[in-house]
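I opened my notebook to write down what I looked up in this structure, one place at a time. The entries follow the order in which I went through it.

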Amino acid sequence: MNYNIALIHGDGIGPEIVTEAKKVLDKVCDVYGHSFTYKNVLLGGASIDVHGIPLTQEAVDTAKSCDAVLMGSIGGDAKTSPWYKLEPSKRPEAGLLAIRKALNLFANLRPAYLYDELKEACPLKEDRIGDGFDMIIVRELTGGLYFGERKTEEVDGVMTAVDTLSYNENEIRRIAVKAFEIAGKRKKKVTSVDKANVLDSSRLWRKVVEEVAKDYPDITLEHMLVDNCAMQLVHNPGQFDVILTENMFGDILSDEASMVTGSIGMLSSASLNETSFGLYEPSHGSAPDIAGKGIANPIATILSAAMMLRFSLNLDKEADAVEAAVQEVLKEGYRTGDIMSEGCKKVGTVEMGDLIADKIK
Ligand code: IPM
Ligand code: MG
């Protein structure tokens, strides 16, 4: 089959890691008889450099015309990059938020999985790790504080800034449904995370999630306050299966969850709308400090490409093959610098991509 893929190379290490993911996808095409047509889309700093803004309508239209979007990472060093001299709405991150909104990508799935081979990279003590952990954060991505009204103004001579956290029941329901559907294919547990002891938006969140839960009698639902969840993630990460939460909490908790796996360079993510369309990107940032050095770990992007095969293109076999290839390369002891441990063989970005592509069968 032929599929159209929008490719966003992005900034920092983005172009390097996307190149390796594409290499792996090309191998998938060879082995399984597919062909992918790639359309390049500019986002973030790369778009600012060409168009003066981080996302153009043309970029959105190109992305929409494709079956899925595969992305590296965007953004630069906020201290040194000229992009951060622009007003906030013209900076790279604003482009990312705008494309999420324009494509209605309300469901952000961020798996955090402890690879057996990478147990040594986990910063937690052995007794906390237990039998390991395998969770997925389902983060609402197009509402809440990120998209509420905001302003900074002088009130009675005092500078005052306002951000608005708003959710309606429909926004909560559709992300809750995603979480329950996903839990049904996993360990059948949803932990809904909120701050219902303080926030109205969280109280509505809890109420709607409970209503949705009634349609999924075989799934266990628990509620957890976000501060407690932050603690539980390092205390006993094995207790989680699906964590369902709003945009800002999900942003924070997903970084924490990725850190306990010890390897943010390994974690993929998918952002989906109501259809099978999605945008796939690593959970990590653009790491401008190591850009162009050939040492970035391309695995998170390669695993994001695997998620794309599975969720948007319905190519489960091919997705399995990519994930198995990653696992095999790790088993053979190859590591990029970020996940390096004693006795392993250190490789760079390109070599890691070659090794994984070679293993696609
Ligand atoms: C993420 C990132 C973005 C977010 C930034 C770059 C705007 O941190 O994808 O988690 O906060 O959503
Ligand atoms: Mg984040």
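This is a predicted model: local features need pLDDT of at least 70, side-chain atom pairs count only at pLDDT 80 or more; totals for chains, interfaces and linings use all residues.

**Entry 1: two helix pairs**

I began with helix α6 (residues 169–184) and helix α7 (residues 200–213), whose axes come within 9 Å and cross at roughly 50 degrees. That angle makes α6 oblique to α7, and I noted that their crossing is right-handed.

I then looked up which residues meet here, and found E169, I172, R173, I175, A176, V177 and F180 on the α6 side, with L204, W205, V208, V209, E211, V212 and A213 on the α7 side. When I sorted the residues of this contact by class, they divided into eleven nonpolar, no polar and three charged.

Next I turned to helix α1 (residues 14–32) and helix α10 (residues 299–311), where I found that the axes come within 8 Å and cross at roughly 45 degrees. How should I describe α1 and α10 relative to each other? Angles under 35 degrees would count as roughly parallel and 65 to 115 as roughly perpendicular, so α1 and α10, crossing at roughly 45 degrees, are oblique to each other. The crossing of α1 and α10 is right-handed.

In this second pair, I17, V18, E20, A21, V24 and L25 of α1 meet T301, I302, A305, M308 and L309 of α10. By class, I wrote down nine nonpolar residues, one polar and one charged for the contact of α1 with α10.

**Entry 2: K23**

I stayed with helix α1 and picked out K23, which is found in it.

**Entry 3: S271**

My last stop was S271, which I found in strand β11 (residues 268–272). With a relative accessible area of 1%, S271 is buried.

Which residues does S271 touch, not counting those up to four places away in sequence? I listed L105, A107, N108, L141, F277, G278, L279 and E281.

Key:
Residues are numbered from 1 along each chain as its sequence is written. Chains are lettered from A and ligands numbered from 1 in the order in which they are written. Side-chain values use heavy atoms; hydrogens and water are left out. Helices (H or I, at least four residues) and strands (E, at least two) are DSSP runs, numbered from the N terminus. Buried means under 20% relative accessible area, exposed over 50%, partly exposed in between (1.4 Å probe, protein chains only). Contact means heavy atoms within 4.5 Å. Axes are lines fitted to C-alpha atoms, for helices over the stretch in contact, and angles run from 0 to 180 degrees between N-to-C directions. Angles under 35 degrees count as roughly parallel, over 145 as roughly antiparallel, 65 to 115 as roughly perpendicular and the rest as oblique. A crossing is left-handed if the near helix is turned anticlockwise from the far one by less than a right angle, and right-handed if clockwise. Ala, Val, Leu, Ile, Met, Phe, Trp, Tyr, Cys and Pro count as nonpolar, Asp, Glu, Lys and Arg as charged, and the others, Gly among them, as polar.
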